[in-house]
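Hi everyone, thanks for coming. I'd like to walk you through a model that may be new to you, so please have a look at it first.

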4 protein chains.
Amino acid sequence: MGNTFGKIFTVTTFGESHGTAIGAVVDGCPAGIALNEADFLADMKRRRPGKALTTSRKERDDVTILSGVFEGKTLGTPIALLIQNKDQRPDDYANLKHIFRAGHGDFTYYAKYGHRDYRGGGRASGRETAARVAAGVIAKKILGELGITISAKISQIGNIRLIDKKSAEFAKKLLHKAKGEGFSVSSEVACRINGVKAGIGQPVFDKLNADLAKALMSIGGARFIKFDACSILAGISSGEEMRIIIAFKPPSSVGDVAKKGRHDPAIAPRAAVVAEAMAALTLTDHIFRDFSGRLDKLKKIW
Amino acid sequence: MGNTFGKIFTVTTFGESHGTAIGAVVDGCPAGIALNEADFLADMKRRRPGKALTTSRKERDDVTILSGVFEGKTLGTPIALLIQNKDQRPDDYANLKHIFRAGHGDFTYYAKYGHRDYRGGGRASGRETAARVAAGVIAKKILGELGITISAKISQIGNIRLIDKKSAEFAKKLLHKAKGEGFSVSSEVACRINGVKAGIGQPVFDKLNADLAKALMSIGGARFIKFDACSILAGISSGEEMRIIIAFKPPSSVGDVAKKGRHDPAIAPRAAVVAEAMAALTLTDHIFRDFSGRLDKLKKIW
Amino acid sequence: MGNTFGKIFTVTTFGESHGTAIGAVVDGCPAGIALNEADFLADMKRRRPGKALTTSRKERDDVTILSGVFEGKTLGTPIALLIQNKDQRPDDYANLKHIFRAGHGDFTYYAKYGHRDYRGGGRASGRETAARVAAGVIAKKILGELGITISAKISQIGNIRLIDKKSAEFAKKLLHKAKGEGFSVSSEVACRINGVKAGIGQPVFDKLNADLAKALMSIGGARFIKFDACSILAGISSGEEMRIIIAFKPPSSVGDVAKKGRHDPAIAPRAAVVAEAMAALTLTDHIFRDFSGRLDKLKKIW
Amino acid sequence: MGNTFGKIFTVTTFGESHGTAIGAVVDGCPAGIALNEADFLADMKRRRPGKALTTSRKERDDVTILSGVFEGKTLGTPIALLIQNKDQRPDDYANLKHIFRAGHGDFTYYAKYGHRDYRGGGRASGRETAARVAAGVIAKKILGELGITISAKISQIGNIRLIDKKSAEFAKKLLHKAKGEGFSVSSEVACRINGVKAGIGQPVFDKLNADLAKALMSIGGARFIKFDACSILAGISSGEEMRIIIAFKPPSSVGDVAKKGRHDPAIAPRAAVVAEAMAALTLTDHIFRDFSGRLDKLKKIW
């Protein structure tokens, strides 16, 4: 029951990294929003392993819409999204059957459930985030209709802060070196949100910053969430640009028994678009929750 | 956000009757339960249109497990179940594009969402219940491990109470006549639950009878829910056998503009297994919710 | 965790019948609604034991507003409502300490919790409904602003249907007789809801009729919920008047060991206003949940 | 609807800082736990303004138990806790009626609700946390029965890390100076949790670290949450000690128009016990949610 996010605009994800498929069910999406399978390509590609900064594993993350869309527009009913798992090469992971990798969820999943999918992390794999990104595309479409934009970028690799072209070059070299030599580095993502009007957030527990913190901390490897002051006061948006930093630990699998697996030397390059997705899901849910806040709004649309 | 049922053991369903597929995501299922695709056959067949008592439409409701099961056992992670829609014959429904059928959800879906899937009812179709039945199979497996059995049967067709072979014969004839002549009749299902220990239910709003009433009233066409006294007191099970009657209105589509569609003269024949599923989902969720009720139980499994 | 009702507009109740106080916390009420303690008097009086039809116990159910209201208007923050328990006469119930009364929650509460408040039923007492009625007053105020009215009335006492003055006289006599002779009778309440526009309800599990069924079945002693067709189709309101029948079992305590307690010969007389409250809470929550259903509505109030 | 925390073990808080009272309703507490009003004294005192490190306002935070406890033990029913607001001196805040204080929730609450309690911050006041601390006492009692301890301490004041007696002395002086001169400083709390077995947490969204981040970020003034690695892997506890840092911004009210109000130069001194409470509420809820995770556990207590 920990696989559903949101209260009004909800996302339920499923799928192990080396099972048949992963996916998401988005419930609470308004009707009448144009949506087709091509809308997912750009963000799915951003998450997909690229050239220098990310893994060489050739994932194909085409999103199939199973329900909730008719004649090119959302129906208001649940939107089921499916992403097939391809290129699984189970033999790469066969040696992991009897091993709990340090720094991974192997042991904790086993401690909790007593039965685990040892092939590449199962549900604890970074692959799970593909379903979040797909759901995030829908949230971003809704937010876009309201004039809200979300942008997350790599802001730090190891100790290198990415402030200009030069530092970006250094970071690129560091990642290459890390990949080649089998070590890994910490990294950070900076997320900016614009266009949210004043008044969004639900004190005292569901403060906008509290729910954003949860959303971002739920990304694998996140260790640290930091808000810049002023844009959220007492848990409610002030109308200013929001800036959030998410720090990730160095990924654990490089240079260990999983060497044959195809992993990344840093988390941020692929996590930026995941952070955008999680922020978008959180904001959409909160905006929908806000609409009952004032009687005059209620009357306007009754 | 109305497509998830349960608090701890949850089911999220999706899918329009004439879209690509329907399905369910079951979250909160304990790890270690044996489960394979053959487990679904019997209940899916009970729901499937048969010979005399139900429609002649040839649905195939094979359930595919997409996630949450590894080496034949549940992982504790979300179990995604997929049922393809086949034999869709969209032309049968083309004439419904501009018509709101009386007694159906056509108008209310349109009023709510402003955009609807007019092909055979979309999400409001009885086909949606196939996903419930599939999820119910998992709930019944869990309940079976605890010694709980649920059995729902047709108890009334029109005014004929099914008390013996003779009345069953009469009912069968009435259904044939109704199908042939294009009229429809009301019907009832009687559901019996055995093996629930005393102490299950969460006063004061989530009483066991209140949540069962919701679960059963959420089946399309249900109009009336009645509990026999004694087995649930103050919202909590007493340990006695539970008996519940669910009454259904006559289905609306026979003899109207949807004549070409393939519908049933009464709801109960196919709804009995759906009622079982909904009762099983409710009980499983409540049993899981109960385990924090007493400190001695907590300590026993900590 | 079964003491909160609703998803967006929520009510949490607390309190044992013979403890210090009972009360409710209403969360999700829009700001700017005029509210003061006198607003509660009429409904609390309707629930309070009166003359002929209900018990002679002299309860005082003044509602104190502890929070959520400032300068006569709601703040949008939680509204805490407190009702003191007076005239407790614990000696009346001392003899119940070691007895599980038949038909009450005494045994099931004990089975569940292993420790119970034996004084007059504790949380399972009908007194718990006073908190629901208080919360319902707030819901009705909101619904009133939207032009929605809810009216519940006794429709049957024993076998007497209340259709005119004459039958009402008969019923009155029956209740007097029952009270005098120490027996009790079944009863029904009919609830009518007007002014709900088409489009309210959340398929497929949170259908409006399903959630109303739960709400009404959660009232102590309810055994049977029946919807008239046409006003809710596929779980969504059609804009027509809604009519619902709630049937109650005969109350259990008359003529038994609790004779010294002051109880009613039928449930309906005091339950009508409780049914109104529960219907109002359900509708308010569903109306708030609906506002995210369509993009054009969202844009209108953004 | 943002005032309830938790899914199975839930806390709903209410109350404005200068209203009649604040309080909490705890639902889902197991029956049979010894609890009386004296149990709250120690933690309420820790939160109460003391001598040097905190404000001089003389709050009295006695907790009254209104329900859920009978003959000294919890009943399993909702526990309502009430804390009267005393010494309100509304004149202190009269000048704030037409002013939105910088860095406070004054503007955002107004933007959201259009009507606000301008007396001392209303619901956005730090006083709201008294209800959290009271609820936290109950959670700690439950955790104590399972051998779990939580301890939060001030770890930094301004730039001074509190590592020994000497640095503590420096910090004390800095706070005195800040109070005297009317400026304020940032601060940090370090929270340690011991005794949590491996296996607690609900991937993928309700990871234990994600829910702790939300819980701690919901404390007013929190800007930054950081987890030490190793104790939570893939969202599930590993059995190791957990260490979390919460950083707070400098409180906003010192030296501004609210000078006459009685506020603190740093947040951490009073927030440490609030952090403990929030961590305790989160853990209790997650432990209760875990008990359905494995079939063998279920069978053991059925």
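**A lysine and an interface**

Let's start with Lys112(D), which is buried, at a relative accessible area of 3% (buried means under 20%, with a 1.4 Å probe and protein chains only). Before going on, a word on the source: this is a predicted model, where local features need pLDDT of at least 70 and side-chain atom pairs count only at pLDDT 80 or more, while totals for chains, interfaces and linings use all residues. Residues are numbered from 1 along each chain as its sequence is written, chains are lettered from A in the order in which they are written, and side-chain values use heavy atoms, leaving out hydrogens and water.

Back to our lysine: what does Lys112(D) touch? Its contacts (heavy atoms within 4.5 Å) include Ile236(A), Asp290(A) and Arg294(A). A polar atom of its side chain also lies 2.9 Å from the backbone oxygen of Gly199(A) and 2.7 Å from that of Gly201(A).

Now please turn to chains C and A. Here 25 residues of chain C are in contact with 25 of chain A. The two bury about 2,600 Å², 73% of it on carbon and sulfur atoms; buried area is the accessible area (1.4 Å probe) lost when two parts are put together, summed over both. On the chain C side, Leu295(C), Ile301(C) and Trp302(C) lose the most area to chain A.

There are 2 salt bridges across this interface, a term for a side-chain nitrogen of Lys or Arg within 4 Å of a carboxyl oxygen of Asp or Glu. Lys299(C) and Glu145(A) form a salt bridge at 2.6 Å, N to O.

Definitions and conventions. Buried means under 20% relative accessible area, exposed over 50%, partly exposed in between (1.4 Å probe, protein chains only). A polar contact is a pair of N or O atoms within 3.5 Å; within protein, one must be able to donate a hydrogen and the other to accept it, and residues adjacent in sequence count only if both atoms are side-chain atoms. Lists of a residue's contacts leave out its neighbours within four places in sequence.
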